[in-house]
Amino acid sequence: MTRPDYAEKIPNNVGLAEDRRLQRALESWQPNFLSWWETMGPTLPTQDVYLRTAIDVRGDGWAQFGHVPMIDYRWGIFLADKNPDRRVAFGQHKGDPAWQKVPGEYRAELQRLIVIQGDTEPASVEQQRNLGATAPSLYDLRNLFQVNVEEGRHLWAMVYLLHAYFGREGREEAEELLHRNSGSQDAPRILGAFNEETPDWLSFYMFTYFTDRDGKYQLGTLKESAFDPLSRTCEFMLKEEAHHMMVGTTGVDRVVERTAQVMVENDTDDVAGYGVIPLPVIQKYLNFHYSVSLDLFGGETSTNVANYYTAGLKGRWLEERRKDDHKLTDDAIMVDALVDGDIAQVEVSALTGLNTDLRREYIADCSGGVKRWNRILEDAGLPQRLYLPHVAFNRKVGAFAGIEASPDGEKLKPSEWAARRGQWLPTDTDKTFVRSLMHPVHERGKIAAWVAPPRNGINGQPFDYDYVHLA
Ligand code: BYC
C-alpha cells in the first residue's frame, strides 16, 4: 500500500507517480473536470469554505478540516487499504482470490456498472448548483458545498477505475461523464432521478435522505465486488457518504421540528401563512423523492442483476453476514408484481430477485427516518404522522411502471390518478410556495424561519461559526 502523496498534482494513494502513462492520462482529464466544475458546479461565489478534505484513508487523515477556496479543494484518488488475502465472497467464483485486474469476459458489465455509478456523482452536483443562493444558514451552505466537493471526488474515484483498467474505451467513457448533464434534452444523465430538479432546500434534504441512501446501498453492493479496486474505492466512498445522509436526516428533522413548533404555538395545521412548510406539503415531497429513489433499484426482477451476482461483480448488502451458500442457485424470493393486472407478489428465483432484496434493505432503512420524524411530531404533542407510500406509487421503472396507484397501494384508473395526484405529489402551487420561503440567510449565526437550527455544528464548531466566507 502506497502512502498518499499530497504534494502530487492529483493526491492519491494508488502510486500514480510510478505509472507515468496513467498519471498523464488523468492529468489530461483534470482540466476538463475543473472546467466542468466551473461551468456546472456551485454558482454562488465564495472566498473559502470550512471543508473536510480527505488526504489519507487511515486514522483521521480522511477528515482534515479547514477553510479552503473551493477551486483549490484537492480532489484525490483514495482506495481503502488492500487486504492481500481477500477472496471472492459470492457467485460462481466464490473462494477465489479477489481480482486485481478486470477479467476479459466481464469487462463490458463492469465498465457499465462503473459508468452508471460515475454518472450519478456529477449529476447531483449539477442538480444542486443553484442552491447556494437560497441557503437557510452558513452551516447549511457549508454542508451543501461539502456534499458537492465529495460527489466530485466520487466522480474522480470512478474515472480513476475507467482510466486505469478499461483502456481507450474507459477514457472515452470518462469524457462522456463530463458531457452528459442533468436534465439535458440531448445528453441526459443515465438514471431518472438524476434528471429531476433540486430547486429548493426541502428537495435537497429529501434528496440527501432518499437518493443518497440509494447510493449507500448500491455502493455497499459494489464494495462486495470481486474486482478489488472497485471494492476498495467504494469502501472509502461509503465513509464520506455517511455525512451526506446526516445532512438529509437532520435536515428533514429540522423542517419537521420547526413546522411542529409553529403548529403548536398557533394551534393550527394551516401554517403556510406563518412562513413554514405545512406537513401535507412535506409528505408530498417525501412521496416524490422516495418513489423516484425506488426506481433507482431497477426492476423487481432482472437478469442483469442475476448475471452480475453470479459473475461476482455486484454482491448483496452485507454479503458476508448472510447465512446461506452465497450462490443462491436453488433459492427463491417473493417479489412485488402485477398479477392479472392486480398489485400482488410472486415467487421468483433469488438471483433474478436481487434488486428486490436490496430495495427491501433500503426500505427498512428509510422507515427509520420516518420513525424519527414521527417522534418529533409525537414529542410536540401532535397527532399527525408521516409515512412511506406504497411501492406501487408513482413508479416509472419495474412492475408498476405501467399502472397508477395511491400511496395506500390502491390501483387507480388513469382518470382517478389525474384527478388526485395533486393530493400526493407536489403541485406547482406547492413548489412555488416552498420556493417563496427560500430567502438566503448568509449572516453568521442566523437561520431562516422555516427550519430549526441544528443541534450540533460541524467538527465541534458552534452553529454560529464562520463556516463560509462569501466573495
Ligand atoms: N432510470 O434490468 P433492470 C448514488 C434501465 S446513487 C433509467 O431492472 P438493473 C448517488 C437499466 O439500465 C447509486 N433507466 O436494471 C446518490 C436497463 O437498461 P437496458 C448509483 C433505468 O441493471 C446521490 C433496463 O432499465 N449506482 O451513488 O438490474 C448523489 C432494465 O433494468 C433505471 C448504481 O446504480 C432508472 N432508474 O438495475 C450522488 C449502481 N433503472 O440494459 C450519487 C450501478 C433501470 O435494458 N448500477 N434502468 O438498456 C446498477 O447496479 C444497475 O444498473 C441498476 C439497474 C441498479 C441502476
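**Helix packing, sheets and contacts**

Q: At what angle do helix 7 and helix 11 cross?
A: This is a predicted model. In it, the axes of helix 7 (residues 279–295) and helix 11 cross at roughly 110° and come within 11 Å.

Q: So are those two parallel or perpendicular?
A: Angles of 65 to 115 degrees count as roughly perpendicular, so helix 7 and helix 11 are roughly perpendicular to each other.

Q: Which residues make the contact?
A: Helix 7 brings Val281, Lys284 and Tyr285. Helix 11 brings Asp430, Lys431 and Val434.

Q: And by class, how many are nonpolar, polar and charged?
A: The contact of helix 7 with helix 11 has three nonpolar and three charged residues, with no polar ones.

Q: Now helix 2 and helix 3. What are the crossing angle and the axis distance?
A: Helix 2 covers residues 107–127 and helix 3 covers residues 138–165. Their axes cross at roughly 155° and come within 8 Å.

Q: Parallel or antiparallel, then?
A: Over 145 degrees counts as roughly antiparallel, so helix 2 and helix 3 are roughly antiparallel to each other.

Q: Left-handed or right-handed crossing?
A: Helix 2 and helix 3 cross in the left-handed sense.

Q: How many bridges join strand 1 to strand 2?
A: Five bridges join strand 1 (residues 46–53) to strand 2, and the two run antiparallel. Valine 49 stands opposite valine 68 in strand 2.

Q: What about strand 3 and strand 4, how do they pair?
A: Strand 3 (residues 332–339) and strand 4 (residues 342–349) pair in the antiparallel sense, over eight bridges. Methionine 334 stands opposite glutamate 347 in strand 4.

Q: And what do strand 3 and strand 4 form?
A: They form a hairpin with two residues between them. Aspartate 340 sits in the turn, with a positive phi of about 50°.

Q: Switching to aromatics. How many pairs are there?
A: The structure holds 34 aromatic pairs. Among them, tyrosine 205 and tryptophan 450 have ring centres 6.4 Å apart and planes at 45°, so the pair is tilted.

Q: Where in the chain are tyrosine 205 and tryptophan 450?
A: Tyrosine 205 is in helix 5 (residues 201–223). Tryptophan 450 is in the loop between helix 11 (428–437) and strand 7. They are 245 residues apart, and the pair links distant parts of the chain.

Q: Last one: what does methionine 40 touch?
A: Methionine 40 lies in helix 1 (residues 20–40). Not counting residues up to four places away in sequence, methionine 40 touches Val125, Glu126, Arg129 and Asn181.

Conventions. Residues numbered from 1 in each chain as written. Predicted model: local features only at pLDDT ≥ 70, side-chain atom pairs only at ≥ 80, totals over all residues. Heavy atoms only, no water. Axes fitted to C-alpha atoms, helices over the stretch in contact; angles between N-to-C directions. Helix = DSSP H or I, 4+ residues; strand = E, 2+ residues; numbered from the N terminus. Parallel < 35°, antiparallel > 145°, perpendicular 65-115°, else oblique. Left-handed = near helix turned anticlockwise from the far one by under 90°. Pairing = 2+ DSSP bridges. Phe/Tyr/Trp six-rings, centres within 6.5 Å; stacked < 30°, edge-to-face > 60°. Contact = heavy atoms within 4.5 Å. Nonpolar A, V, L, I, M, F, W, Y, C, P; charged D, E, K, R; others polar.
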